[in-house]
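Subject: Structure handover

Hello,

Here is the structure for your files. My notes on the pocket, the ligand and the domains follow below.

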Amino acid sequence: MAAIPPSEAADDWWRSAAIYQVYVRSFADADGDGTGDLAGVRSRLPYLVELGVDALWFTPWYLSPLADGGYDVADYRSIDPAFGTLGEAEKLIAEARELGIRTIVDIVPNHVSDQHAWFRAALAAGPGSPERELFHFRPGRGEHGELAPNDWPSQFAGSTWTRVDDGEWYLHLFAPEQPDLNWAHPVVREEHENVLRFWFERGVAGVRIDSAALLTKADGLPDFVEGRDPHPYIDQDEIHDIYRSWRAVADEYDGVFVGEVWLPDSERFARYLRPDELHTAFNFNFLSCPWDAARLRTAVEETLAEHAPVGAPATWVLCNHDVTRTVTRYGRRETGFDFAAKVFGTPTDLGLGTRRARAAALLSLALPGSVYLYQGEELGLPEVEIPLHRIQDPMHFRSGGTDPGRDGCRVPLPWSAEPPAVEPWLPQPDGWTGYAAELQAEEPDSMLSLYRAALGLRRTEAGFGDGPLTWLPAADGVLAFARSEGLICVVNLAGEPAVLPGHSHTLLSSGPLDGGGRLPQDTAVWLRA
Ligand code: GLC
C-alpha cells in the first residue's frame with residue numbers, strides 16, 4: 001500500500017489537491033473491446049498512485065446512450081454496461097481510497113438523456129400531463145405552432161427546441177437527446193438531492209457539477225435579447241437557492257463540490273463560492289489565456305482577487321475533455337483567436353508546444369489552490385485530427401461540420417509501445433505509441449517523469465497548494481513568484497534567457513538551464529531560496 005499523503009487527515013484536502021480527470025471511455029480498456037472500462041481504471045490505480053494525484057474526477061460513467069459522451073444520463077444509479085457495474089464502481093471507489101486517492105463523480109443536473117425514464121414517460125403522457133412538467137414543454141408559435149417557442153440559440157449551435165409528434169416542443173440547451181429539466185419543479189430538486197446522497201453513501205468525496213450556471217430559466221422563457229440583463233438562462237439569481245440546499249446535503253457527508261461555471265463577470269462567478277454554496281469552481285480564464293506573460297499574470301491576479309473575498313481556494317486547469325490539448329494550443333504561433341477553441345488544420349509546432357506545456361505544468365502546479373490534470377496531459381499528448389468519417393461528437397454535426405468537435409482530445413491513452421490488438425473507439429494516429437506511458441516511465445526527461453517529480457514535490461513541500469503568493473521583481477516576459485517555505489517559481493516567456501534569483505537552488509526545472517545558469521525561453525523552474 002502506498003504512503004498515505006499528508007492531505008489524508010485534513011478535511012480541507014480539496015483546498016490543495018491535485019485532481020486527475022478520468023474520461024473512462026478512453027482511459028484503459030481491460031476487456032479489449034476498444035472502449036475503456038472500470039476494470040481498466042482499477043488495473044491502473046498503481047500508475048495513478050505513482051503519478052502522485054490526490055483524487056480522481058470521473059466524467060459521467062452512468063447508463064447512457066452516449067449521444068454526448070455520457071453527458072446524456074439515462075439513469076444516475078447505474079453504471080453503463082460498456083464500463084462495468086455498480087458493484088465495480090463501489091470497489092473502485094474503495095480501492096482508490098485505500099491507496100489515498102479520493103473519488104469525484106460528475107452530476108449533470110441541467111438535462112437528462114431522452115432515454116431517461118422521466119422523459120419517456122413525458123412523451124407518452126402527452127400535453128398538459130404532470131410528467132411533462134418535469135421538462136420545458138411548450139406549444140409552438142405561429143399559426144399552426146410550427147415555430148419554436150423562443151429564439152434561444154443552443155450551446156451546440158442550432159435551435160434549443162425540438163418538436164414532438166403531438167405538436168409540442170421541448171427545450172434542450174445542448175443536443176435534442178439532452179432535454180432540459182425544469183428546476184422550478186420540487187420533484188426535480190428532490191431527485192437530485194437523492195442522487196447526491198446515493199453517491200456520497202458509496203464513498204465519493206466530491207461532485208463535479210456540469211453546466212452549473214444554466215439550470216434555472218427565466219419565467220416565461222422570454223426571447224434572448226442581446227445585452228439584456230439578466231440573461232434568460234445563464235446565471236439566474238434563483239440558482240443559488242439550489243446550491244445552498246446541495247451544500248447542506250454535502251455537509252452531512254463532508255463532500256465537496258466543484259462547479260463548471262463559465263462566467264466572464266468575476267463578481268457573479270464568486271457568488272457560487274460563498275461559504276454556504278460550492279467549495280470550488282473551475283477557472284476557465286487561466287485555461288483560455290494564450291502563452292503570454294502579461295496576460296497569464298493578469299489571469300492569476302484576477303483569479304486570486306475574485307476568490308479572496310469568499311475565502312474559496314482557486315483551481316487551475318490547463319485542459320479537459322472539451323478543449324484543445326495543451327501542447328497543440330501552445331504550439332500555435334498565432335494567438336489572435338479563441339485560444340482553447342477547436343480549429344481544423346491550424347499549423348502547430350509540437351516541439352514548441354511541448355516545451356511550453358512543460359513550463360505551464362510547473363506554473364500551474366505552483367499556484368495557490370487545487371489543480372486539475374486531464375488524462376494524457378501527463379504524457380504530453382497532442383490534439384488529434386480525427387478522420388471525418390470517425391468523428392462522434394455531436395458538436396461537430398450540429399455545427400454543420402464546420403467545427404471539428406471535441407473528439408481530438410478524447411483519443412484513448414497509449415499505455416504500451418505495442419498498438420492495441422483491437423481498434424479503439426476513436427482511432428489512434430500513427431506514432432501514438434511513441435507517447436506510451438510504459439516508455440515514458442523509463443525516460444527521465446519525459447513529460448511523465450516531469451509530472452511525477454512535480455507532483456511528488458507538491459506533496460512533500462508544505463509551501464505549495466493553498467496559501468499566499470508574492471510576486472517577485474522580474475524582467476519583461478518573465479513571471480516570478482514566491483510561495484511560503486522559501487519556494488520560488490520562475491517562468492520565462494521572454495525572447496532571451498532570464499537571470500535567476502541569487503542564493504537559491506534548483507528543485508526542478510522543465511528543461512535544461514543554459515551554460516551561464518540562466519533560464520532559457522519557454523522554460524520554468526522551481527527554486528528554494
Ligand atoms: C459540459 C461538459 C461537456 C458536455 C456539456 C453538456 O460542458 O463538460 O462535455 O457536452 O456540459 O452536458
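In these notes Ala, Val, Leu, Ile, Met, Phe, Trp, Tyr, Cys and Pro count as nonpolar, Asp, Glu, Lys and Arg as charged, and the others, Gly among them, as polar. The model is predicted: local features need pLDDT of at least 70 and side-chain atom pairs pLDDT 80 or more, while totals for chains, interfaces and linings use all residues. Residues are numbered from 1 along each chain as its sequence is written, and side-chain values use heavy atoms, without hydrogens or water.

The largest pocket holds about 690 Å³ of space (the space filled by probe spheres set on the grid points, which are joined across faces, edges and corners). Of its 28 lining residues, Gln155, Glu260, Trp262, Asp322 and Met395 are the closest to its centre. The lining divides into twelve nonpolar, six polar and ten charged residues. A pocket here is an open set of points on a 1 Å grid over the protein atoms alone, where a 1.4 Å probe fits, with protein on both sides within 12 Å along at least five of seven lines; lining residues have an atom within 4 Å of a point.

The ligand takes up the space of the largest pocket (more than half of its atoms lie within 2 Å of the grid points). Around the ligand are 13 residues (a heavy atom within 4 Å), made up of three nonpolar, three polar and seven charged.

The chain is split into domain 1 (6-110 + 187-458), domain 2 (117-171) and domain 3 (468-528), with bounds from an automatic or database assignment. The C-alpha centres of domain 2 and domain 3 are 57 Å apart.

Regards
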